[in-house]
Amino acid sequence: MSRSDKTKPLWVRHKEHHPQPVHDHRRGPCDLPPRPTRWETGTRCQWEDPGAQLGSHTCCAGCGRPGCTKDQQREARNRNRKGRYAGRRQARQARRLAAERGDEQTCP
């Protein structure tokens, strides 16, 4: 199945490719929404197009070689792992702080 706006809309591509903000402050202050939205916002400042990050390739097309796919999967695995570790670290710190303060509603 091809990658189109029907199968992979813009807001999904934004979540996958972590777009960078593109600012235009020529006619006023920044009006960029805090994160990419599903609908067009009509603001001066925008989130970059995910396809622009990949150059001439379309979104998620990659290079087509098995080595590229494995590299992408490894990078995604590492990002997910780092996110899980950070979440666990925050939970441990919150439990430790709650125990130090003597809060009655501590997590088991």
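Student: Which backbone atom does the side chain of aspartate 31 reach, and at what distance?

Tutor: A polar contact is a pair of N or O atoms within 3.5 Å; within protein, one must be able to donate a hydrogen and the other to accept it, and residues adjacent in sequence count only if both atoms are side-chain atoms. Here, the side chain of aspartate 31 reaches the backbone nitrogen of arginine 44 at 3.2 Å. A polar atom of the side chain of aspartate 31 also lies 3.2 Å from the backbone nitrogen of cysteine 45.

Student: On what basis are such values given?

Tutor: This is a predicted model, in which local features need pLDDT of at least 70 and side-chain atom pairs count only at pLDDT 80 or more, while totals for chains, interfaces and linings use all residues. Residues are numbered from 1 along each chain as its sequence is written, and side-chain values use heavy atoms, with hydrogens and water left out.

Student: How many helices and strands are there in the chain?

Tutor: Helices (H or I, at least four residues) and strands (E, at least two) are DSSP runs, numbered from the N terminus. The chain has three helices and two strands, and along the sequence they follow the pattern α-β-β-α-α. Aspartate 31 is found in the loop between β1 and β2.

Student: Is aspartate 31 buried, partly exposed or exposed?

Tutor: Buried means under 20% relative accessible area, exposed over 50%, and partly exposed in between (1.4 Å probe, protein chains only). Aspartate 31 counts as partly exposed because its relative accessibility is 26%. For the chain, buried residues make up 13% of the 108 residues.

Student: Which residues is aspartate 31 in contact with, leaving aside its neighbours within four places in sequence?

Tutor: Contact means heavy atoms within 4.5 Å. On that basis aspartate 31 is in contact with Thr43, Arg44 and Cys45. Its C-alpha atom is separated by 8.6 Å from that of glutamine 46, which is 15 residues apart from it along the chain.

Student: Why does threonine 43 count as buried?

Tutor: Threonine 43 is buried because its relative accessible area is 17%. This threonine also has its place in the loop between β1 and β2. A polar atom of the side chain of threonine 43 lies 2.6 Å from the backbone oxygen of cysteine 45. Not counting residues up to four places away in sequence, threonine 43 touches Asp31 and Pro33.

Student: What polar contact joins the side chain of aspartate 24 to another side chain?

Tutor: The side chains of aspartate 24 and arginine 26 are joined by a polar contact of 2.7 Å. Aspartate 24 lies in the loop between β1 (21-22) and β2. Leaving aside neighbours within four places in sequence, aspartate 24 is in contact with Arg44 and Cys45.

Student: Which residues does tryptophan 11 touch, not counting those up to four places away in sequence?

Tutor: Tryptophan 11, in helix α1, touches Thr37 and Arg38. The C-alpha atoms of tryptophan 11 and threonine 37 are separated by 6.3 Å, although the two are 26 residues apart along the chain. Threonine 37 belongs to the loop between β1 and β2. Tryptophan 11 counts as partly exposed at 27% relative accessibility, and threonine 37 counts as partly exposed at 32%.

Student: Among contacts in the chain between residues at least 6 apart in sequence, what share joins residues at least 24 apart?

Tutor: The share is 45% of those contacts.

Student: How much accessible surface does the chain have?

Tutor: Accessible areas come from the Shrake-Rupley method with a 1.4 Å probe; for residues, only the protein chains shown count as cover. The accessible surface of the chain comes to about 9,100 Å², and 50% of that belongs to carbon and sulfur atoms.
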